[in-house]
Amino acid sequence: MSVSLETIDLPHLSSLAVHVALYKDVQNTSYLRQQLLSANTEFEYAFIDATMILSRAHAVSAIFRAVNDYSNERLKSRNIHSEIVFSLSPTNNIADSFRKFGISDSTNNLLVVKVSTTPNITHESVAAHLAQHVQGSSIPFDDVALAGISDVAKIKKAYKLGSLPSAAPNQANGTHGDGKKRLELSVLGAIALRGAT
Amino acid sequence: MIAIGLEGSANKLGVGIMLHPSDGSTPQVLANIRHTYVSPPGEGFLPKDTARHHRAWVVKLVKKALREAHISVADVDCICYTKGPGMGAPLQSVAVAARTLSLLWGKELIGVNHCVGRMLYAYYRKIRSLTLLDIEMGRLITGASNPVVLYVSGGNTQVIAYSSQRYRIFGETLDIAVGNCLDRFARTLHISNDPAPGYNIEQLAKKGKQLVDLPYTVKGMDCSMSGILAAIDGLAAQYGLNGEQKEDEEEHEITGEPVSNETLSTRKPTRADLCFSLQETVYSMLVEITERAMAHVGSKEVLIVGGVGCNERLQEMMGIMARDRGGSVHATDERFCIDNGIMIAQAGIMAYKTGFRTPFKESTCTQRFRTDDVFVQWRD
Amino acid sequence: MTTADPPPSSSTYTPPPPFNTSTTPLIPIYQGAEAHLYKTTFLTPSTPAALKIRPSKPYRHPILDRRLTRARILQEARCLHKLVKEDVSVPAVLGLDWEFAVAADNEGNRNGNGGSWLVMEWIEGEVVRVILERWERYMKGLARESGSQEIPEGEAEKVRGLLRKIGAAVGSLHKAGVIHGDLTTSNLILRPFSPAAANAPEEEHSSPSMEGEIVMIDFGLASQSVQDEDRAVDLYVLERAFGSSHPRTEKFFEEVLVGYRESYKGAGPALKRLEDVRMRGRKRSMIG
């Protein structure tokens, strides 16, 4: 299967290449999850339930936080890939973050992230490995694709942003235009501020 | 032109004589003497006792100053005195002395704002000494010609900069002055008032190592000291360090051995640690508000004046900050940091030259006298 | 955000990681006493962002320095985050590091100057100070031509509208329980409604556009409070800033308060308190 694996350039952290692939209709999630649970190093990825991802910026902000914490030698979880899943969380509870944002047996839509922490991890090696092991249709990692996947109600619940309106600005002087933009910015703030309280 | 300056706004009575030669050459200090009222440890100086001290000593000091200056009464042009701000009773004693001399000798009276006197004096000294040292320093003088002034003493804590003919107060303490805060803590610890409580706190602080958590209250360019004083007084009481030093009190510093960070964070603070923490905290606040004012007016120079300005740690911290901004700090040296008659004589003589007089009827004093109430004629 | 005050070149200054090794451009915007502000990109190479760095202050005791730098960047970020959630017009928090990271040298040692940083949404538009200055210059020119100091009703109404919008913005801030702490016309940006208008060159000799939305920036001195006293002092600081920077608009300042009064329920008591704060002014004595 061909993979649309994107290697993204994180501003300010360009020394580590980040590879991202988005899938829908994944058939073998329990296999993938099993590899993760058995700590198979071949499968050291951030496997994220894509329905919990609102937008590209949402995912990238968690990646940024994890990569930055990795560079500063202060990971809270086992490795940079588990840290990406944890970084999506607004709280310090690691197990809870995996339950909410990580892959589960019922996951259909999957976001996979891999960071080139060693030179032998390349775009090609990651693409080949994913093509071999992920059974699902690869779709572009962009806001349009994510909009068709994300479960806004669940995301709001996870970030305790239930009171935010989903649509239409409520005030004449409201900044963040449509409700989705405001929700996204609120989520980015929650990711940045995790652990600050 | 010769002026006598009388200063007694707090516990120091100073008499200075200043000569401004008619040919416009460098002004000279003819006499600069002082006598300090020292209160017992654990007590501050009360206005009543301080005023009594000033009344008892003013005649002796004036006579001695005239002798030192080798001048006679006929040579004197004006009598300058501190009009305020300061403590009421001591100010009144000195004002009465100045009026008496004015009537007795038939000389003009000049009432001087204590704060303006200090700044002008410090300013004038800096420029003169630099000129004498090195003409090449002239550039620096231009650079330093409009410094931000931190005025720190027992009664005042202000950040001041000069603009449109006035010294403008950019920031100040919202409650007690920094010197007052230090003095009051010295009283809590029953630290000697000789030569000055602040000086003794500084010496003790040099032996301190552990930084205790104190409130840090900066609001824009203003700051507050009363919460810090309450907190540190509370810590002193909690650790049984208030009152006189106890015989059995362990002095970690005496061994001279380095203390590990771990020990530091768990052991009980000493008197020295408290003095150290108090200084570190309040001086950080002062440097911070000074830096904000510098950024605001675009100045790179700082001038520290007032009694607390003698503190070496404050000077050091201010120096680091100013250096990082590409500037420098000027602090008046010890002899001139504390209240003295010379600065009053100097400010007075400058005002006298512009035609300023204080009519006898208005030769009062005032405890409250804001620096920004004074219209400055001698600068542009 | 403003680019009016170019910062002095500070070649010796090393920003905290990751910005010390970043290949992404950092364009200096402003260097204040507390913080350095840069324009950069964040999350994607095409997302503009404002980076605020609070460098360590070497004059302070390291423990105290770390405590203060951390507390302040967090305070600012928390206020902004809360306001974004409440739909108040402020820049959103995109990234943050309060851990006071210190750059590692070749041997991996981490000592030297650190700092905390905050990345915020970039706000397009011009600060209100610049718009009002341009307007005042225009009015001056008009007065010279006509020989009359009279401000044409259209122009007066335009400024009144802008000031009412400012009042409403401050009201929404106070309603959300946040005090700005440093309200000046340099900390208010007029963001044009359409992105195209932001890039349109302003003609120097025309009356500036006052269309758009007010966005409040620089929450470095902000705090959370619902006290009338704090709200009143916030307004008083803004009033004084108008008085000293924009003499021609000072007479319209009342419109800020009109906009404020209409913006939320608690505005009345805060405005009442403002009268007391004005009376008190800076009349404090210097005796400690």
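Reader: How many bridges join strand S2 of chain A to S4(A)?

Author: This is a predicted model, in which local features need pLDDT of at least 70, side-chain atom pairs count only at pLDDT 80 or more, and totals for chains, interfaces and linings use all residues. Residues are numbered from 1 along each chain as its sequence is written, while chains are lettered from A and ligands numbered from 1 in the order in which they are written. Strands (E, at least two residues) and helices (H or I, at least four) are DSSP runs numbered from the N terminus, and two strands pair if DSSP finds at least two bridges between them. Here six bridges join S2 (residues 18–24) to S4(A), and the two run antiparallel. Within this pairing, Tyr23(A) stands opposite Leu110(A).

Reader: Which residue stands opposite Leu111(A) in S4(A)?

Author: That residue is Ile48(A). Strand S3 (residues 46–49) of chain A is joined to S4(A) by four bridges, again antiparallel.

Reader: Why is S4(A) largely enclosed by the rest of the structure?

Author: A residue is buried if 20 or more other C-beta atoms, placed from the backbone, lie within 10 Å of its own. S4 (residues 110–115) is largely enclosed because six of its six residues are buried. In a regular strand the side chains alternate between the two faces of the sheet. Leu110(A), Val112(A) and Lys114(A) are buried on one side, and Leu111(A), Val113(A) and Val115(A) on the other.

Reader: How many residues of chain A are in contact with chain C?

Author: Contact requires C-beta atoms, placed from the backbone, within 7 Å. By this criterion, 30 residues of chain A are in contact with 36 residues of chain C. H8(A) gives the most to this side of chain A, with seven residues.

How values were computed. Two residues are in contact if their C-beta atoms, placed from the backbone, lie within 7 Å. A residue is buried if 20 or more other C-beta atoms lie within 10 Å of its own, exposed if 12 or fewer, and partly exposed in between; C-beta atoms are placed from the backbone.
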